[in-house]
Amino acid sequence: MPGYLDHARIGPLSHRASAALAAATGLAGRANPDDLDRLFALSDAARTSAARLLDARPHEIALAPSTSNGLFTVAAALQGPGTVLVPRGEFPANVYPWLRFAGRGGPEVRVLAPDGQRHITADLLRRHLTPDVTALTVSAVDSLTGHVAPLAALKEVLGPDRLLIVDAIQGLGAVPLEAEAADVLVSGGQKWLRAGWGAALLLIRDRCGERLGPGLGGWAGVTEPFAVRHPAPSLPGAAAHLATNPDFPAAAAIGAAVDDLIEQGGPTVIGARIRATLAELLDRARRAGAEVLSDGLEPQERGGIGTFRLPGHDPCAVHGALGTAGVIATRRDEWIRLSPHASTPPAAADLFAEALRTLTHSSTSTSTSTESSTHTRTRHDAQEPTCPTS
């Protein structure tokens, strides 16, 4: 759909990922033992490709079922005592793992509240860094504002003895990330990578491997899964945290998606196209009288997400009008979130602008007509119907 601007929610499978998924599913449907070896090889190839993308070693990469599962894996592995800092406003997937393991052997949780702003900065972290802090967990790109976290600056403040844990799902594949600063990084493939569900990249760098216990690591994470006595020694690297084998077709899809991203020039090239399209969309929104959330961000500080609202207009009605016009976006309370991709055509901006023009023109006409009417409406009668938040 030319008006699909919702990749921060779901990125429709790319042709290459879809083909890889279908081919791997075909292998899984046959009984030839060689096909099982091919499935394992596809998983290994995906890890190798991810290592290239993240400037890591293949053994530092494992495949988890999802971003949430990967973060829970890390939370289970990070033993206390200590405190993990969680910025206020983080997406819930990066909150619940730490809350669930606090008091169950994991570190305590302290919410880091920005002063008059949503996003975290190195100065803010420095002011809240106390001796008990052992880790900071943060989204690489904020899911509402689109702010790109300064990962390198945050890691510099943390130093080598504290972990920087990154939920990268809203940035990986959309914009360049300072991934080398992350001690741990987790990202599913169903958004900007356009690889669908079932596989997520779990990066655990060697420099922090000894800081993490086996946590959720199961039989797939040990050297001798069929030993007479358990537990057997853990595998080296990120594989130590595997509970079981990955979803092989999903692994093939995410591997193909990463290869596709690299061959198209990587996050720098793809990110430039996404940011240019987003800038045009936000400019069209401003022309329609919209307020853009975090409008003061520099171009390099904004990922593939831009969020706006139309003062004086019910956000539910705005979201509905956009959908009717073929513009697919996400509503978060009073805000409408836009997230185009490199494949978004130029026609999307015109479609979006026309939808806003129709909406604002209709509102103005209705307002004028109402003012000239001799009839009055009660406050109850004038209320807009509610709609769910997507």
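The exercises below work through aromatic pairs, a sheet and a helix contact in a predicted model.

**Exercise 1.** Classify the aromatic pair of F40 and F248, and state which parts of the chain the pair links.

*Solution.* A pair of aromatic rings is described by the distance of the centres and the angle of the planes. For F40 and F248, the centres are 4.7 Å apart and the planes make 55°. Planes under 30 degrees apart count as stacked and over 60 as edge-to-face, with the rest tilted. The pair of F40 and F248 is therefore tilted, at 55°. F40 lies in helix 2 (residues 33-54) and F248 in helix 7 (residues 248-263), 208 residues apart, so the pair links distant parts of the chain.

**Exercise 2.** Decide whether F40, F248, W219 and F226 are buried, partly exposed or exposed.

*Solution.* Buried means under 20% relative accessible area, and exposed means over 50%. F40 has 34%, so F40 is partly exposed. F248 has 11%, so F248 is buried. W219 and F226 form another tilted pair, with 6.4 Å between centres and 40° between planes. W219 has 43% and is therefore partly exposed, whereas F226 has 75% and is exposed.

**Exercise 3.** Give the strand order of the seven-stranded sheet and identify its edge strands.

*Solution.* The sheet is open, its pairing is mixed, and the order is 1-7-6-5-4-2-3. At the edges are strand 1 (61-64) and strand 3 (108-112), each of which pairs on one side only. On average, neighbouring strands are turned by 20° against each other, direction ignored.

**Exercise 4.** Describe how strand 4 is joined to strand 5, and how helix 6 lies on the sheet.

*Solution.* Strand 4 (residues 133-139) and strand 5 (residues 163-167) run parallel and are joined by five bridges.

**Exercise 5.** Describe the packing of helix 1 (residues 15-28) on helix 2, and list the contact residues by class.

*Solution.* Two packed helices are described by the angle between their axes and the distance between the axes. The axes of helix 1 and helix 2 come within 9 Å and cross at roughly 145°. The crossing is left-handed. Helix 1 contributes A24, L27 and A28 to the contact, and helix 2 contributes D35, R38, L39 and L42. By class, the contact has five nonpolar, no polar and two charged residues.

Methods: Residues are numbered from 1 along each chain as its sequence is written. This is a predicted model: local features need pLDDT of at least 70, side-chain atom pairs count only at pLDDT 80 or more; totals for chains, interfaces and linings use all residues. Side-chain values use heavy atoms; hydrogens and water are left out. Rings of Phe, Tyr and Trp (its six-membered ring) pair if their centres lie within 6.5 Å; planes under 30 degrees apart count as stacked, over 60 as edge-to-face and the rest as tilted. Helices (H or I, at least four residues) and strands (E, at least two) are DSSP runs, numbered from the N terminus. Buried means under 20% relative accessible area, exposed over 50%, partly exposed in between (1.4 Å probe, protein chains only). Two strands pair if DSSP finds at least two bridges between them. Axes are lines fitted to C-alpha atoms, for helices over the stretch in contact, and angles run from 0 to 180 degrees between N-to-C directions. Contact means heavy atoms within 4.5 Å. A crossing is left-handed if the near helix is turned anticlockwise from the far one by less than a right angle, and right-handed if clockwise. Ala, Val, Leu, Ile, Met, Phe, Trp, Tyr, Cys and Pro count as nonpolar, Asp, Glu, Lys and Arg as charged, and the others, Gly among them, as polar.
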